[in-house]
Amino acid sequence: MADHPDEERASPPRLFRLSSWREAKFLAEALRMETVGGALLLLGAVLALIWANTPWTDAYEGVRGFVPWPGGEALYLNLDLAHWAGDGLLAIFFFVVGLELKREFVAGSLRDPRQAALPIVAAIGGMAVPALIFVLFNLSDSAALQGWAVPTATDIAFALAVLAVIGSHLPLGLRAFLLTLAVVDDLFAITIIAVFYTDDFNLLLLFCSLLPIVVFALLVQRGKTWWWALIPLAVTSWALMHASGVHATIAGVLLGFVVPVLARDGSEHGMAEHFEHLWRPISAGIAVPVFAFFAAGVSLRGTDLGAIATDPIVLGIVAGLVLGKVIGIFGSSYLMARFTRAELDEELSWTDLLGVSLLAGIGFTVSLLIGELAFGTGTERDGAAKVAVVAGSVIAAVLAAIVLSRRNTVYRRLHERANRDSDADGVPDIYQPSPLAETRPT
């Protein structure tokens, strides 16, 4: 019998299939917000590139280098606007990342080891191979090797903006895989920043920065959402961590980690989901686009483009983003499927995963941040790294658009099926059990 429980257990697992309507609805809302943020990110980056390559490039550099609080030297806060964007605003972005990570591990796709294995392995492959490619291009230059982590990041907002531009109806399961992969990618990127890009740090100040996080954790674990207490605690933790020498965005991640995920007292949503709903628009709509505006403006006026095109740093980053991500993500996913005997969800093909792997080669926000940490903001090598990140991301985006747009007819059909609601109860049919399934023995 086809519906025998033993046969059900024997059926191969399906890749890129969502398990519930609640998960699908949450992901759809999160992805929609990231798509809007990606469009604003692109706008900020384009404006910066245009301004930096006009006769008014000195004005752009003047804005980037403006120090709004010169008297903050005693607290290590005499930062220019570019550093405020990278160290300050990105802390909000990483707070949302921390919330996403906590939710994924507690209530999302990463809570089940079998379901989590694919995006985790794909993320590891998608970071290891680009790093290896960069190292191979720069073996003879020990200083250049500082940038080995630049091509390892994936920018989910930029990737989703590309999908919106090409009008792709990429199935939600594949989008969820891309989002989960990017979240795991962010976790490793955070670890890399904390371990490899922290030079001298003050252990006492680092310890002090953890005390406000502990108080923050005690409050949120008790269900307190007092903004007048939580925000000052978060800012204090950020300031102390910045002063300690550890990159201040780590404070944002730790604050996100301590927020409880599961709903309590009959609430429909947990506190992490509530905070994410509040702060994701600020992260996607303000923090990331402003950072892109201050980070992406590289002037090429009077620059030898031939020398840039042959610079090993540039070649390593571009090859890492365009080739390394595909080899790492597609290759590790294919091997995982063969090892576990899993099959693709119906009507999906390996071409779809190839397109998603190319999208993951868009490594904008975190790649730019790591480039600044590796080479120093405003240095010649930092400029070369920024050119490479922009070029590699654009090439990956164009190739992904070509691959995915050819499958749009199939995606539209799958999109219509996924949203069909015959009984008009607000829940698509594919997330409701069939009558046969309800009569099966348990």
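Mentor: Contact means heavy atoms within 4.5 Å. Keep in mind that this model is predicted.

Trainee: Among contacts between residues at least 6 apart in sequence, what percentage join residues at least 24 apart?
Mentor: Start with contacts in the protein between residues at least 6 apart in sequence. Then pick out those that join residues at least 24 apart. Their share is 80%.

Trainee: How many helices and strands does the protein have?
Mentor: The secondary structure holds both kinds of element. The count is 18 helices and 2 strands.

Trainee: What percentage of the residues are buried?
Mentor: Buried means under 20% relative accessible area. The protein has 442 residues. The buried part is 51%.

Trainee: Are H4 and H10 roughly parallel or roughly antiparallel?
Mentor: Helix H4 covers residues 81-106, and helix H10 covers residues 249-257. Their axes lie 7 Å apart, at an angle of about 30°. Angles under 35 degrees count as roughly parallel. So H4 and H10 are roughly parallel.

Trainee: Is the crossing of H4 and H10 left-handed or right-handed?
Mentor: The contact includes Gly-86, Asp-87 and Leu-90 of H4. On the H10 side, Thr-249, Gly-252 and Val-253 are among the residues taking part. The residues of this contact divide into 9 nonpolar, 5 polar and 2 charged. As for its hand, the crossing of H4 and H10 is right-handed.

Trainee: How many residues of the contact of H11 with H15 are nonpolar, polar and charged?
Mentor: H11 brings Val-288, Phe-291 and Ala-295. H15 brings Thr-365, Leu-368, Leu-369 and Glu-372. The crossing is left-handed. The residues divide into 5 nonpolar, 1 polar and 1 charged.

Trainee: The search finds 14 aromatic pairs. Is the pair of Tyr-60 and Phe-293 stacked or edge-to-face?
Mentor: Their ring centres are 5.7 Å apart, and their planes stand at 80°. Planes over 60 degrees apart count as edge-to-face. So this pair is edge-to-face.

Trainee: How many residues apart in sequence are the parts that Tyr-60 and Phe-293 tie together?
Mentor: Tyr-60 lies in helix H3 (residues 57-64). Phe-293 lies in helix H11 (residues 271-295). Both Tyr-60 and Phe-293 are buried. The parts they tie together are 233 residues apart in sequence.

Trainee: Which residues form one aromatic cluster with Tyr-60 and Phe-293?
Mentor: Tyr-60 and Phe-293 belong to one aromatic cluster.

Trainee: Is His-242 buried or exposed?
Mentor: His-242 lies in helix H9 (residues 227-244). Leaving out residues up to four places away in sequence, His-242 touches Tyr-76, Leu-77, Leu-79, Asp-87 and Ala-248. The relative accessible area of His-242 is 15%, so His-242 is buried.

Trainee: What distance separates the C-alpha atoms of Ser-237 and Pro-212?
Mentor: Ser-237 is found in helix H9. Ser-237 is buried, with a relative accessible area of 0%. Pro-212 is 25 residues away along the chain. Yet their C-alpha atoms are separated by 5.6 Å.

Methods:
Residues numbered from 1 in each chain as written. Predicted model: local features only at pLDDT ≥ 70, side-chain atom pairs only at ≥ 80, totals over all residues. Heavy atoms only, no water. Axes fitted to C-alpha atoms, helices over the stretch in contact; angles between N-to-C directions. Helix = DSSP H or I, 4+ residues; strand = E, 2+ residues; numbered from the N terminus. Parallel < 35°, antiparallel > 145°, perpendicular 65-115°, else oblique. Left-handed = near helix turned anticlockwise from the far one by under 90°. Nonpolar A, V, L, I, M, F, W, Y, C, P; charged D, E, K, R; others polar. Phe/Tyr/Trp six-rings, centres within 6.5 Å; stacked < 30°, edge-to-face > 60°. Buried < 20%, exposed > 50% of the residue type's maximum accessible area, 1.4 Å probe, protein only.
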